[in-house]
Amino acid sequence: MIFLDYASATPVSKTAKTAMEPYFSEKFFNPSAPYLAAKRAREDYEKAKANLAHTIGAKADDLIITSGATEANKLAFSAATGEVLILATEHASIIENSKKYPTKIIKVDKTGLIDLADFKQKLTKETTFVSIALANNELGTIQPLAEVAEIIRKERENRLIKGNPLPLIFHSDASQAMSLVPISVARLGVDLLTINSAKVYGPKGVGALYQGHQVKLQPITEGGGQEKGLRSGTENVPGLVGFAAAAVEAKEHQNGARKHYKQLVKILKDELEKSKIEPIFLGNKKHQLANFCPVCFPGVDAERVIYRLEEDEIYLSTGAACAASKGEKSHVLKAIGLTDEEIAGSLRISLGKDNTEEDMKFAGQKIVAAVEKELQFSK
Ligand code: PLP
């Protein structure tokens, strides 16, 4: 099998799996229980939280552990008190939450990068919440969040001068970026940051929201008062322990991984380019996650290409797994100006730990063969 859809899921790393194992059975205790064994589980939970927080330059107390990025994004939106600004290419979980507020959509250019002029124009004295993903989940385009934060800082300064008390909160979903981009919440200038275990070789169903000190959030569940009262429910101890171990491991290997993926993507691109199928590579050459290789073959039915490749046990996708499962056209590819025909001919290829140079050559040749067959078929 050659798996080329790591943007949708990553296998749990050995380190994460080993770290988690004791907490399923012998250390299964509820961290809120009063006896010593449970107190030890609490200590381990808090230690894992501190380790996870450290990977983004934060403290344990700044994190609220959730059931994934979808839930973290929902919690983040509880800081919105009125007008919201989101980027046109945001994940479905951001778009759906934004629908509860008056929302303006910030444009992107044809590589998926934020249009800062459009952002400046749409950011007004009424804006309460801005959400821009650090890296996009279909194109891998990495946004200049520090520049966005600076614009937001100036708007806050303006409000102070004019006596406008409306809070302005800056949130970013870093789900896709975390494994390959060095993250420091201070350097990014965000107030809220979503992170996702499922994309960094940790277990699925675990995520976290970083909460800056000045940000007020509303509980998303009520009950036992866990996670600072914002997300009640018995703590997922193995989940967090696995997430933290995977995040620490990813951070340690980030530089090497980036170089490795660049080399692998080059091999794949060379293989596609030396054929006659004329690939159009999508996203931003300079600001793109190193493991992403989204590509378009106009006139080809990408879904049929995927089925053909599946016969060779090569797995990739046309876009975000959630949009694909609903049979929807990618709003991300629409936002960068692709035509319906180009969208229908687009593949999202995203690499991961287990891919090798041989895989890239083999997958490249198979993609070329599948696209050629489809091109003949459509004539
Ligand atoms: N945000 C982004 C950018 C994602 O890529 C994903 C997952 O595909 C999510 C949020 C949702 O994550 P989860 O399904 O783990 O809640």
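## About the model

Because this is a predicted model, local features need pLDDT of at least 70 and side-chain atom pairs count only at pLDDT 80 or more, while totals for chains, interfaces and linings use all residues. Residues are numbered from 1 along each chain as its sequence is written, and side-chain values use heavy atoms, with hydrogens and water left out.

## The ligand and its surroundings

Let us start with the ligand. Which residues are around it? They are G68, A69, T70, H91, S93, N137, D173, S175, Q176, N196 and K199, where a residue counts as near if one of its heavy atoms lies within 4 Å of the molecule. This shell divides into one nonpolar, eight polar and two charged residues. In that scheme Ala, Val, Leu, Ile, Met, Phe, Trp, Tyr, Cys and Pro are nonpolar, Asp, Glu, Lys and Arg are charged, and the others, Gly among them, are polar.

A polar side-chain atom of D173 lies 2.6 Å from a nitrogen atom of the ligand. On the oxygen side, an N or O atom in the side chain of K199 is 2.8 Å from a ligand oxygen, and for N196 the corresponding distance to a ligand oxygen is 3.1 Å. The protein covers 80% of the 400 Å² of accessible area that the ligand has on its own, with areas taken from the Shrake-Rupley method with a 1.4 Å probe; for residues, only the protein chains shown count as cover.

## The seven-stranded sheet

Now for the sheet. Seven strands form an open sheet in the order β2-β8-β7-β6-β5-β3-β4, with mixed pairing. Strands (E, at least two residues) and helices (H or I, at least four residues) are DSSP runs, numbered from the N terminus, and two strands pair if DSSP finds at least two bridges between them. Strands β2 and β4 (103-106) stand at the edges with a single partner strand each, so one side of each has no neighbour in the sheet. From one strand to the next, the twist averages 20°, using axes that are lines fitted to C-alpha atoms, for helices over the stretch in contact, and angles that run from 0 to 180 degrees between N-to-C directions.

What is the pairing sense along the sheet? It is mixed: β2 and β8 (residues 207-211) run antiparallel and are joined by four bridges, with L63 opposite Y210 and I64 partnered by L209. Strand β7 (residues 192-196) also pairs with β8 in the antiparallel sense, over five bridges, and there T194 has L209 as its bridge partner. By contrast, β3 (residues 83-87) and β5 (residues 127-131) pair in the parallel sense over four bridges; E83 is partnered by T127 and V84 by F129. Strand β5 also pairs with β6 (residues 169-173) in the parallel sense, over three bridges, where V130 meets F170.

## Buried strands and a buried helix

In a regular strand the side chains alternate between the two faces of the sheet. In β2 (residues 63-66), L63 and I65 are on one side and I64 and T66 on the other, and all are buried, meaning under 20% relative accessible area, with exposed over 50% and partly exposed in between (1.4 Å probe, protein chains only). In β5, five of its five residues are buried.

Helix α3 (residues 69-77) has seven of its nine residues buried, so it is largely enclosed by the rest of the structure. The buried ones are A69, E71, A72, N73, L75, A76 and F77.

## Two residues further along

N355 is found in the loop between β12 (346-347) and α14. N355 is buried, with a relative accessible area of 4%, and its side chain reaches the backbone oxygen of F3 at 3.1 Å.

L375 lies in helix α14 (residues 357-378). Buried or partly exposed? L375 is partly exposed, with a relative accessible area of 26%. L375 and L160 are 215 residues apart in sequence and 60 Å apart in space, C-alpha to C-alpha.

Key:
Polar contact = N/O pair within 3.5 Å; in protein donor to acceptor, adjacent residues only side chain to side chain.
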